[in-house]
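I opened my notebook to look up a few things in this structure. Come along and check each entry against the view below.

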Amino acid sequence: MPCALCGDIIPTEVDRCPACGAWARRRDFRAVGVAVFMLLGFNAFVALGSGISLLRFAHPLRGATHDSYDAVATGKALAPYGDVFTIGAMMAAVTGLLYLVWLWRAFRQSPGPHRHHRAWVLLGWFTPVVNLWLPPRMVYEVWVNSGRYRTAERQAAGAVVAGWWICALLGLLLGRAFAHGSVDTLAEARFDVHLGVAAAAFQALAAALCMATVFQITRLQLVRE
């Protein structure tokens, strides 16, 4: 691999350029991949913890009656969970920015063929309607183009990517529904708590599946180099 600074050839078995001492691009890509992987793991941990805590909160509501139910107290108890989902969304945004940096480099390093221009790696996430289907398609293409896969293996990779994207969308929608839910009645409070548990579960699963895609693509590209 040629050095990005001096152009000298960097042997595969070393991480620094023998001439100028600059880090090899493969090491930088690995570092970005590890950072994204760890951030996704932290997001999954927070979402899973929120879901478990909400499940514990649901037990008192099961034994409550319409006479003993206190809407004001329940609303105050659920308010911090809404803040947790908001903080989780902010963490996901920060993770997403680093994920785009990683995906941009992964797309550039994958041999192809690619159906879409490299610019769509970024535009696909911010263009309305297109951002509902193009991002997982780009990730899938990078994954299968980074290694040699049989048909069954391609289908398995597609299932992982599709599962990640569906869980991410469901987690986002259910999280917004939970944040805007009502607790005026006991039935509404129970339903809102169940929405929060489902949102947390889908978000944790989406983060875990995304970790799998990051790990596999990073590993394949490092081995190929």
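Entry 1: I began with helix H5, residues 151-179, which has 29 residues. From its first C-alpha to its last I read 42 Å, close to the 42 Å expected at 1.5 Å a residue. The expected span is 1.5 Å times one less than the number of residues in the helix. Helices here are DSSP runs of H or I with at least four residues, strands are runs of E with at least two, and both are numbered from the N terminus.

I then looked up which residues of H5 are buried, meaning under 20% relative accessible area; exposed means over 50%, and partly exposed lies in between (1.4 Å probe, protein chains only). The buried residues of H5 are Ala157, Val161, Trp164, Trp165, Cys167, Gly171, Leu174, Gly175 and Phe178.

**Entry 2: ground rules.** This is a predicted model, in which local features need pLDDT of at least 70 and side-chain atom pairs count only at pLDDT 80 or more, while totals for chains, interfaces and linings use all residues. Residues are numbered from 1 along each chain as its sequence is written, and side-chain values use heavy atoms, with hydrogens and water left out.

**Entry 3: the whole chain.** I found six helices and zero strands in the protein chain, and the elements run α-α-α-α-α-α from the N terminus on. Of the 225 residues in the chain, 38% are buried. For contacts (heavy atoms within 4.5 Å), I noted those with a separation of 6 or more: residues 24 or more positions apart account for 65% of them. The chain exposes about 12400 Å², and carbon and sulfur atoms supply 67% of that. Accessible areas come from the Shrake-Rupley method with a 1.4 Å probe; for residues, only the protein chains shown count as cover.

**Entry 4: cysteines.** How many disulfides are there? I counted zero, taking a disulfide as a pair of cysteine sulfur atoms within 2.5 Å. Cys167 counts as buried because its relative accessibility is 8%. Cys210 is buried too, at 4% relative accessibility.

**Entry 5: helix H4.** Is H4 enclosed or open? I found that 11 of its 12 residues are buried, so H4 is largely enclosed by the rest of the structure. Its buried residues include Leu134, Tyr140, Trp143 and Asn145. The end C-alpha atoms of H4 are 16 Å apart, which agrees with the 16 Å its 12 residues should span at 1.5 Å a residue.

**Entry 6: salt bridges.** I looked for a side-chain nitrogen of Lys or Arg within 4 Å of a carboxyl oxygen of Asp or Glu, which defines a salt bridge. The count comes to two. Side chains of opposite charge can pair when their charged atoms come close.

- Glu141 and Arg137 meet in a salt bridge at 3.4 Å, N to O. Both lie in helix H4, four residues apart, about one turn of the helix. An α-helix has 3.6 residues a turn, so residues three or four places apart point the same way. Glu141 is buried, with a relative accessible area of 4%, whereas Arg137 is partly exposed at 28%.
- Glu153 pairs with Arg150, the closest N and O atoms being 3.9 Å apart. Glu153 is partly exposed at 33% relative accessible area, and Arg150 counts as exposed at 62%.

**Entry 7: Trp125.** I placed Trp125 in helix H3, and its 24% relative accessibility makes it partly exposed. Which residues does Trp125 contact, leaving aside neighbours within four places in sequence? They are Tyr99, Leu100, Leu103, Asn131, Pro135, Trp164 and Trp165. Leu100 is 25 residues from Trp125 along the chain, with their C-alpha atoms separated by 9.2 Å.

**Entry 8: Val129.** This residue sits in the loop between helix H3 (120-126) and helix H4 (134-145). Val129 has a positive phi of about 70° although it is not a glycine. Most residues other than glycine have a negative phi. Val129 is exposed, at 61% relative accessibility.

**Entry 9: a surface patch.** Val34, Phe37, Met38 and Phe215 form a nonpolar patch on the surface, with about 390 Å² of accessible area together. Patches are made of residues with over 30% relative accessible area and no salt bridge; like charges are joined within 9 Å, nonpolar side chains (Val, Leu, Ile, Met, Phe, Trp, Tyr) within 5 Å. Helix H1 (residues 25-63) gives the most to the patch, with three residues. I found Phe37 in helix H1, partly exposed at 31% relative accessibility.
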